[in-house]
Amino acid sequence: MLGLSQRSAGTLSPALASLRKAVDLDPENASFKVGLGQALLQGGQYQDAYTTLKSINIGAMDAKHRSTYALLFAQAPTKTNRSAEAIQVLDSQVKVDSGNAKLYQALGVAENDAGNDGKAFAAFKRAYELNPKDPATGRNAVKAGIAAARRGSPSQKAQYYSQTAQLANTLATNSPTFEHKLLAGEAFLGAKDYGKATSWLNQAKADQPQNALVYYYLGQCNTSMNKLDTAVADLQTALKMGPSGRLRTQIHNQMGYTYDKKKDYAKAAQSLSLI
């Protein structure tokens with residue numbers, strides 16, 4: 001139809017006019033509403049897109065089109081602070097289309113927007129398992145897992161970090177970018193597997209030898225392995241990189257803790273005084 005052709009050609013304003021007219025003439029036609037919803041999302045008119053797509057009865061749609069609709073609809077409530085509605089539609093659809101990685105990815109985004117770290121991690125994790133060639137999904141899974149671990153109880157932390165570390169290992173192995181190596185190091189550090197953490201962090205350091213965060217994480221690993229002189233050297237190197245804000249505070253705090261373990265209480269107090 002004309003409106004869809006206009007949208008495909010990039011003439012958005014005429015497309016919206018044509019699609020609105022089509023919906024007015026045949027308000028029960030779901031395909032017209034889907035086309036209009038797509039155009040409204042493309043044009044950043046999220047509230048109108050939400051209203052249009054919300055009026056479609058997914059249960060009345062052909063089953064083979066429901067996942068496509070769910071992916072499209074989820075964008076509108078997510079953009080209008082209605083993440084719970086996106087979650088409801090996507091959660092229902094993954095139960096009948098459980099092999100669809102895109103549905104799980106979208107569910108992870110909605111859960112993340114709603115602040116549900118654990119559920120976001122579970123959704124992203126499943127999406128990555130279904131499509132391990134997509135590094136963006138793997139990266140989302142690792143970041144959500146780390147966030148869930150940080151906010152979880154002690155037992156939850158161990159579980160999340162353990163699962164996240166395995167995902168991060170796969171991600172960094174398959175797509176060995178600096179960011180992925182750093183994430184793998186962070187995840188294994190959280191899982192208290194300091195040997196693997198150090199291995200990935202050293203690889204990240206080789207990529208970016210001036211990165212203070214890498215040296216901070218190495219300092220934490222070496223402190224935990226009781227390699228205290230090495231840890232101090234790592235942390236001093238991190239400070240030489242000129243970090244600011246929260247990272248600088250964390251480095252001084254770790255330095256104080258490490259000196260305390262060395263029983264060098266004067267230097268521990270000096271480091272902590274700089275926080």
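The following questions and answers examine how terms are applied to this predicted model.

Q: What makes the pair Asp-48 and Arg-20 a salt bridge?
A: A side-chain nitrogen of Lys or Arg must lie within 4 Å of a carboxyl oxygen of Asp or Glu. The N to O distance between the side chains of Asp-48 and Arg-20 is 3.8 Å. The pair therefore meets the criterion. The structure holds eleven salt bridges.

Q: Why is the pair Asp-48 and Arg-20 said to tie together parts that are apart in sequence?
A: Asp-48 belongs to helix α4 (residues 46-54), whereas Arg-20 belongs to helix α2 (residues 12-25), so the pair ties together parts that are 28 residues apart in sequence.

Q: Why are Asp-48 and Arg-20 called partly exposed?
A: The term covers relative accessible areas between the limits for buried, under 20%, and exposed, over 50%. Asp-48 has a relative accessible area of 37%, and Arg-20 has 33%. Both values fall in between, so both residues are called partly exposed.

Q: How do you know that Lys-95 and Asp-91 form a salt bridge?
A: Their side chains meet with an N to O distance of 3.7 Å. The cut-off is 4 Å, so the pair qualifies as a salt bridge.

Q: Why are Lys-95 and Asp-91 described as separated by about one helical turn?
A: Both residues lie in helix α6 (residues 83-96), and they are four residues apart, which means a separation of about one helical turn.

Q: What makes Lys-95 exposed and Asp-91 partly exposed?
A: The relative accessible area of Lys-95 is 64%. Exposed means over 50%, so Lys-95 is placed in that class. Asp-91 has a relative accessible area of 32%. That value lies between the 20% and 50% limits, so Asp-91 is partly exposed.

Q: What makes the contact of Glu-129 with Lys-125 a salt bridge?
A: The closest N and O atoms of Glu-129 and Lys-125 are 2.7 Å apart. This distance is within 4 Å, so the contact is a salt bridge. Glu-129 and Lys-125 are four residues apart in helix α8 (residues 117-130), and about one helical turn separates them. A network of salt bridges links Lys-125, Arg-126 and Glu-129.

Q: Why do Glu-129 and Lys-125 count as partly exposed?
A: Glu-129 has a relative accessible area of 40%, and Lys-125 has 22%.

Q: Why is Leu-16 called buried?
A: Leu-16, which lies in helix α2, has a relative accessibility of 6%. Buried means under 20%, so Leu-16 belongs to that class.

Q: What does Leu-16 touch, not counting residues up to four places away in sequence?
A: Its contacts are Leu-36, Ala-39, Leu-40 and Gln-45, not counting residues up to four places away in sequence.

Q: Why does Ala-149 count as buried?
A: The relative accessibility of Ala-149 is 0%. The limit is under 20%, so Ala-149 is buried. Ala-149 is located in helix α9 (residues 135-151). Beyond residues up to four places away in sequence, Ala-149 touches Lys-157, Tyr-160 and Tyr-161.

Q: Where does Lys-192 lie, and what is its phi?
A: Lys-192 is found in the loop between α11 (178-190) and α12 (194-207). Its phi is positive, near 65°, and the residue is not a glycine. Lys-192 has a relative accessible area of 61%. This is over 50%, so Lys-192 is called exposed.

Q: How does the radius of gyration of the protein chain stand against that of a compact globule?
A: A compact globule of 275 residues would have a value near 19 Å, whereas the protein chain has 24 Å. The C-alpha trace spans about 80 × 35 × 30 Å along its principal axes.

Q: How many helices and strands does the protein chain have?
A: The protein chain has 16 helices and zero strands. Of its 275 residues, 45% count as buried.

Notes
Residues numbered from 1 in each chain as written. Predicted model: local features only at pLDDT ≥ 70, side-chain atom pairs only at ≥ 80, totals over all residues. Heavy atoms only, no water. Helix = DSSP H or I, 4+ residues; strand = E, 2+ residues; numbered from the N terminus. Buried < 20%, exposed > 50% of the residue type's maximum accessible area, 1.4 Å probe, protein only. Rg over C-alpha atoms; globule rule 2.2 N^0.38 Å. Contact = heavy atoms within 4.5 Å.
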